[in-house]
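Student: I would like to go through this protein chain with you. Could we begin once it is displayed?
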Amino acid sequence: QVQLVESGGGLVQAGGSLRLSCAASGRTFSSYALGWFRQAPGKEREFVASIDWRGGNYADSVKGRFTISRDNAKNTVYLQMNSLKPEDTAVYYCAAKWVVAGVREADYDSWGQGTQVTVSS
């Protein structure tokens, strides 16, 4: 497992942008698949995006607006969020698993503590 720490959340107006970061511990970061999930109040945690050696994968709700990327030299994964909508408001979680990314919460075995993103209308 790896230790994950998210940052970059905050309050933004609709149409604005935020970039989330997730810093990971460990010397084998480049071998891990990374995912972003989010949980809105009263809702289940849902898949947002993931990245592994094959590239990025996105939920339909964020496709074309969000971009996931990674910097293996910095042990960090990013989520660039553009054209934000009020329905993007949630706690965003970073997650990691070995090699191949998934879209299910149960696929991942390491989780960060979450960072709040609030989009005002």
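Student: Is the link of Cys22 and Cys94 left-handed or right-handed?
Tutor: The link of Cys22 and Cys94 is left-handed, with -80 degrees about the S-S bond. Please note that this is a predicted model, in which local features need pLDDT of at least 70 and side-chain atom pairs count only at pLDDT 80 or more, while totals for chains, interfaces and linings use all residues. Residues are numbered from 1 along each chain as its sequence is written, and side-chain values use heavy atoms, with hydrogens and water left out.

Student: Which parts of the chain does the pair link?
Tutor: The pair joins distant parts of the chain: Cys22 belongs to strand S3 (residues 18-24) and Cys94 to strand S9, 72 residues apart. Strands (E, at least two residues) are DSSP runs, numbered from the N terminus.

Student: How far apart are the sulfur atoms of Cys22 and Cys94?
Tutor: They are 2.2 Å apart. A disulfide is a pair of cysteine sulfur atoms within 2.5 Å, and by this rule the count comes to one disulfide.

Student: Are Cys22 and Cys94 buried or exposed?
Tutor: Both Cys22 and Cys94 are buried. Buried means under 20% relative accessible area, exposed over 50%, and partly exposed in between (1.4 Å probe, protein chains only).

Student: New topic: where is Thr115?
Tutor: Thr115 lies in strand S11 (residues 115-120). Thr115 counts as buried because its relative accessible area is 11%.

Student: What does Thr115 contact?
Tutor: Leaving aside neighbours within four places in sequence, Thr115 is in contact (heavy atoms within 4.5 Å) with residues including Glu6, Gly9, Leu20 and Tyr92. A polar atom of the Thr115 side chain lies 3.2 Å from the backbone nitrogen of Gly9.

Student: And Val119, is that buried or exposed?
Tutor: Val119 is buried, because its relative accessible area is 6%. Val119 is also in strand S11. Not counting residues up to four places away in sequence, Val119 touches, among others, Val12, Leu84 and Pro86.

Student: Which residues form the nonpolar patch on the surface?
Tutor: Trp53, Trp98, Val99 and Val100 form that patch, with about 440 Å² of accessible area together. Accessible areas come from the Shrake-Rupley method with a 1.4 Å probe, and for residues only the protein chains shown count as cover.

Student: Where does Val100 sit?
Tutor: Val100 is in the loop between strand S9 (90-98) and strand S10 (110-111). Val100 is partly exposed, because its relative accessible area is 35%.

Notes
Patch = residues over 30% accessible without salt bridge, like charges linked within 9 Å, V, L, I, M, F, W, Y side chains within 5 Å. Salt bridge = Lys/Arg side-chain N within 4 Å of Asp/Glu carboxyl O. Helix = DSSP H or I, 4+ residues; strand = E, 2+ residues; numbered from the N terminus. Polar contact = N/O pair within 3.5 Å; in protein donor to acceptor, adjacent residues only side chain to side chain.
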